[in-house]
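Have a look at the model before reading on.

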Amino acid sequence: MSAVAAPATQVAAVTAARSWKLPITLGVFGLLSFVLFGLLGPAGSVTTFGVSTGADLLQFDPVAVPTRATAIVLSVLCLLLAGYAYVRVRADRPVGRWVLAVFGVLWVLTFLVWAVADKSTSIVSLLQGSLLLAVPLAFGALGGLLNERAGVVNIAIEGQLLTGAFGAAVLASVVGNAYVGLVAAPLAGLLIGAMLALFTVKYHVNQIIVGVVLNVFAVGLTSFLFSSVLKNDAATLNSPPRLPTIPIPLLSEIPVIGPVLFRQSIIVYLLYVAVIVISIALFRTRWGLRVRSVGEYPQAADTVGIDVNRTRWGNVLLGSMVAGLGGAFFTIGSVGAFGQEMTAGKGYIALAAMILGRWSPWGALGAALLFGFADKLQQVLGVLETPIPNQFMLMLPYVVTIFAVAGLVGRVRGPAAAGQPYVKG
């Protein structure tokens, strides 16, 4: 009797362990896409997408597609992916991440085809804008993961971005050189990072509280200096030159990809370098192993001779400089002047990107691109006066943030010792 019951118990355990969350979610979104964007889409409409810019070596005519038929085909492909995910889960096999990525691309294309019906938009411009809007988010997320991998939760990313933007604007304005601003931004972020390390690592103050307080401090300090100093002499202190676009020969001429990836300013190229360097340093070097051990099990790291608090100090300062560099985008990389609270909560979205990216540099970059795309999409569709209410489009990036962190991350676990002070004893 027990021999028969044992396999039955194992089968029940395996069945309970299956997670049908992904195939159900994909199926629901695929069905909604098929009905709303396909069957109920505008009949006889044509959607036009531009795929070239005037500077491209090869020029392509805009692509015009029938709205309803294209939306139906793309929706069917989404449903097929949902069916594939169902089959994999039923067979107790993992569903590759590529399924979610491809589904997301297809679903967004379906939405675009429906939303831009009888209008025209440039795919290149949409992707370029998405990458640019993702730059500060990615730098902030990279700074946050450097901190958390060592066991320090960095809620102060918002303050580091803001002070970085302020420092870049002022120094670049005074010297008249945008590249000086790139040096000033991480140093300004370092100011917030030093206070974060002092209170959390040395004095063991609650890391969440310290991060929130430092954000408020950064907002208050920059707002005071903006009102009392920068406004009175904006021509000298708040008129920084913007970073020029540096096209990479040959690569920048590739259709679609070239203008998006290789026709950017130096701060975007620095992001590429930062992701590669941090990824290698964290997961392929002895330094990275020490940092991750401190973030996971500081007692064991201390036992083998690693100075836990010194490692945390170093990572907090380094991560704060990386986040501060991202703040330079707001002034010398985009607007060309500093404004009060101009980061507008982007530091918190960067924190969400870090979590969605599973505390990985490449994952954080991907999540930042997702949020940047959502932000750019609401701008583009707002200009095109689509049937979607403008209020919904304004909140779209934040809805994507909440949905992604709450619905897609699931049970992903961060560094075990993150948020816990370490007292040697």
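Q: What makes up the lining of the second largest pocket?
A: Keep in mind that this is a predicted model. The lining consists of Gln128, Leu132, Arg242, Leu243, Thr245, Arg263, Gln264, Ser265, Phe329, Ile332, Gly333 and Ser334. They count as lining because each has an atom within 4 Å of a pocket point. The space in there comes to about 210 Å³.

Q: Which element gives the most to that lining?
A: That's helix 14, with four residues. Helix 5 (123–148), strand 5 (263–264) and helix 14 (308–335) each bring at least two.

Q: How does the lining of the second largest pocket split by class?
A: You get four nonpolar, six polar and two charged residues. Gly counts as polar here, and Gly333 is part of the lining.

Q: How do you know that the span of helix 2 agrees with what it should be?
A: Helix 2 (21–39) has 19 residues, and at 1.5 Å a residue they should span 27 Å. The end C-alpha atoms are 26 Å apart, so the two agree.

Q: What do the buried residues of helix 2 pack against?
A: Helix 3 (67–90) and helix 4 (97–115). Those buried residues are Pro23, Leu26, Gly30, Ser33, Phe37 and Gly38.

Conventions. Residues numbered from 1 in each chain as written. Predicted model: local features only at pLDDT ≥ 70, side-chain atom pairs only at ≥ 80, totals over all residues. Heavy atoms only, no water. 1 Å grid on protein atoms, 1.4 Å probe; cavity = no way out; pocket = protein on both sides within 12 Å on 5 of 7 lines; lining within 4 Å. Points joined across faces, edges and corners; volume = space filled by probe spheres on them. Expected span 1.5 Å × (residues − 1). Buried < 20%, exposed > 50% of the residue type's maximum accessible area, 1.4 Å probe, protein only. Contact = heavy atoms within 4.5 Å.
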